[in-house]
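This report describes part of a protein model for a reader who has not seen it before. The sequence and structure come first.

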Amino acid sequence: MPFGNTHNLLKMNYSAEQEYPDLTKHNNHMAKVLTPEMYAALRDKQTPSGFTLDDVIQTGVDNPGHPFIMTVGCVAGDEETYDVFKDLLDPVIEDRHGGYKPTDKHKTDLNPENLQVYPHSTLKPTLFITGGDDLDPNYVLSSRVRTGRSIRGFCLPPHCSRGERRAIENLSIESLNVLDGEFKGKYYALKNMTEEEQQQLIDDHFLFDKPVSPLLLASGMARDWPDARGIWHNDDKTFLVWVNEEDHLRVISMQKGGNMREVFTRFCTGLTKIEALFKERGHEFMWNEHLGYVLTCPSNLGTGLRGGVHVKLPNVSKHEKFGEILKRLRLQKRGTGGVDTAAVGGVFDISNADRLGFSEVELVQMVVDGVKLLIEMEKRLEAGESIDDLMPDQK
Amino acid sequence: MASSFTRMLSGRNTAVLMASLGAGAMATGYLLSDSEAVSAAERRKLYPPSSDFPDLRKHNNCMASALTPAIYARLRDKLTPNNWSLDQCIQTGVDNPGHPFIKTVGMVAGDEESYEVFADIFDPVIKDRHNGYDPKTMKHPTDLDASKITSGMFDERYVLSSRVRTGRSIRGLSLPPACSRAERREVERVAVQALSGLKGDLAGRYYSLSDMTEQEQQRLIDDHFLFDKPVSPLLTCAFMARDWPDARGIWHNNEKTFLIWVNEEDHTRVISMEKGGNMKRVFERFCRGLKQVEQLIQERGWEFMWNEHLGYILTCPSNLGTGLRAGVHVRLPKLSKDPRFGKILDNLRLQKRGTGGVDTAAVGDTFDISNNDRLGKSEVELVQLVIDGVNYLIECEKRLEKGQDIKIPAPIPQFKK
């Protein structure tokens, strides 16, 4: 369902200049790219489900900037958004994803070891994760890999109706309930949760709340909360799926300690099983060879993958070259509360900065290699030694 | 997995319903399309109204009390001439189950026609909110003749300030939940142009929210004139904060007694106020200012949204009719502690708020006392009701000061027979 009246074509009665948003105080990717001419050329277009340019950019108009990060400022309402509004989204994607061109092809690789090959994906079994099972647990507190998946044929969270959202939930529950072995688990609908279940999920750090970030609220994703939202997790609490939060599905594999290889293996196995179960029910994930997996926010295209650790780096993080080191390793730092937080007590969330243009295996390998180097640097600085010889090249 | 199943699904027929294949699907049809997207019209067919009906079981607002699956089914696919839908009207009520102090309305209009096209839900909501007022059969009286007011000067040992506010919408332009940026800018242009024609004690200036200097902003805050980007989810979920602060602003006269908000919750909010207890003068200025603004917009071919059943049309159904809230900040230290205070207010058809406005509690002994009703009584009637009521409250306070007893007054009838 479109929100506000952004889908209303009666605004074509006004000139493009009269409708063009005031972006003079804005600093996000959309504002950098959307010229008045581009606005004029795109404003009468809509996707088959009725998503318009104004729908795409509303969140970027309403949120001029963010203190820590350069926000994207646009969202997709369906798979076709990325095609109908390519004139806007291609340059946004290029800017956000390190120069990724409209003609580039994205590699998908979810084969960490000898996993079964599925016909649709372009697997290259030559790439393996090396190491990754022995990140020093004196420094690495926890390891986690997450991604998102969208179900083809349904509108995305900014645009979906209640009926669609519920259909997505039903489909997800049906599929996830079939999982067994280490993946056997249970679904907790947000609106039916008991007090005890809710407290348990909070204690496990699994529960997601109604979004409060204006970035998300302004895009229409929080409509009808908590209808058709929920959390599924396996009995071991190492594999977790969020339903209908910022994307149709967010898939998370996590555990305490530094065995990233195990986390990633479970991640890939679980994802491929889930994909197969959806296909049995006649549904595929949104994917194409140019953009990889299609998600709501252009920042999550490609792999949608964020692999990271919570790691103690009190000394390295104070080093004047910390930012430069991270940049060269293609990593980013966040606080342990997630994207909108600052680090507490020298513990950082370190993860891959890229999403698109690298495969899943490549990104996780970068995290493993990068974190190993950072720990080595931390140990050197602890011993009062220099880290100059450890400075990495730009990846 | 090249089964016959897969081959069938990968065909170009985009209307495959999973239910018919018996693949454990739900009642709503699922659609697989590898090369053709689903159009909005097809989507409406695939998802019948029952699949979209909101879950209102934990809700307590007027919309949730009135909206049945049958009404929803009848109205879901209708659109106003400006392309506004039922789902857009009710989104705020779906997203906000209840409010701690008041039973909220839970829906908004996107344009003047919303009240007509979605009358099946607006009418019962209006009845619920406005004491049984029936838009189909009843007529609303408009009366802005301030000379009819009597006893409009309060005892200033008790009344600290007096204020009257209402809203006005410009016919032909969508309301704040629905308007495009160009429409909103047009509202601003029409309003500001008209206001620049005001003279004498009403002459004043416009301060656009986007262009304000730091000093201007601080002064407006100090004067308690500045309005902020809405934070209440009741408003943000109704899409009213889009594109903030574009085309929003504040106009006030040089004497700071007549104030217009542009493009906040309504196209315009008109406020007349002053320190002290001269409510008659406040209302007189209010009526004069409103009439002059109306004349000025009419000179340019515009008019206010109004009809004889609903009076002045505003965004929220709670503000239909007069849209008028007349009130005072009044000190009632003894009466406010008396257990009969609530009942006295009810019978006088008055409400109390904190001095910070609708979502606040009172501080100390000073209350904001104003009329409950908006629709079914005229502006003159409502202001007179507030004057008579506040005078009664002050009388009670004085009696309690002297140790005398007070009486609960008889309840005021709701609609003129």
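## A sheet in chain B and one of its residues

B:Ser370 belongs to strand β10 (residues 366-371) of chain B; helices (H or I, at least four residues) and strands (E, at least two) are DSSP runs, numbered from the N terminus. This is a predicted model, in which local features need pLDDT of at least 70, side-chain atom pairs count only at pLDDT 80 or more, and totals for chains, interfaces and linings use all residues. Residues are numbered from 1 along each chain as its sequence is written, chains are lettered from A and ligands numbered from 1 in the order in which they are written, and side-chain values use heavy atoms, without hydrogens and water.

B:Ser370 counts as buried because its relative accessibility is 0% (buried: under 20% relative accessible area, exposed: over 50%, partly exposed in between; 1.4 Å probe, protein chains only).

Strand β10 is part of an open sheet of 8 strands in chain B, ordered β2-β3-β4-β5-β1-β8-β10-β9, with antiparallel pairing (two strands pair if DSSP finds at least two bridges between them). β2 (204-208) and β9 (350-353) of chain B are at the edges with a single partner strand each, so one side of each has no neighbour in the sheet. From one strand to the next, the twist averages 20°.

Axes are lines fitted to C-alpha atoms, for helices over the stretch in contact, and angles run from 0 to 180 degrees between N-to-C directions.

| Helix | Lies across | Angle |
|---|---|---|
| α11 (residues 214-222) of chain B | β2 and β3 (249-253) of chain B | about 110° to β2(B) |
| α13 (residues 279-298) of chain B | β1 (159-168), β4, β5 and β8 (325-331) of chain B | about 20° to β1(B) |

Conventions: Contact = heavy atoms within 4.5 Å.
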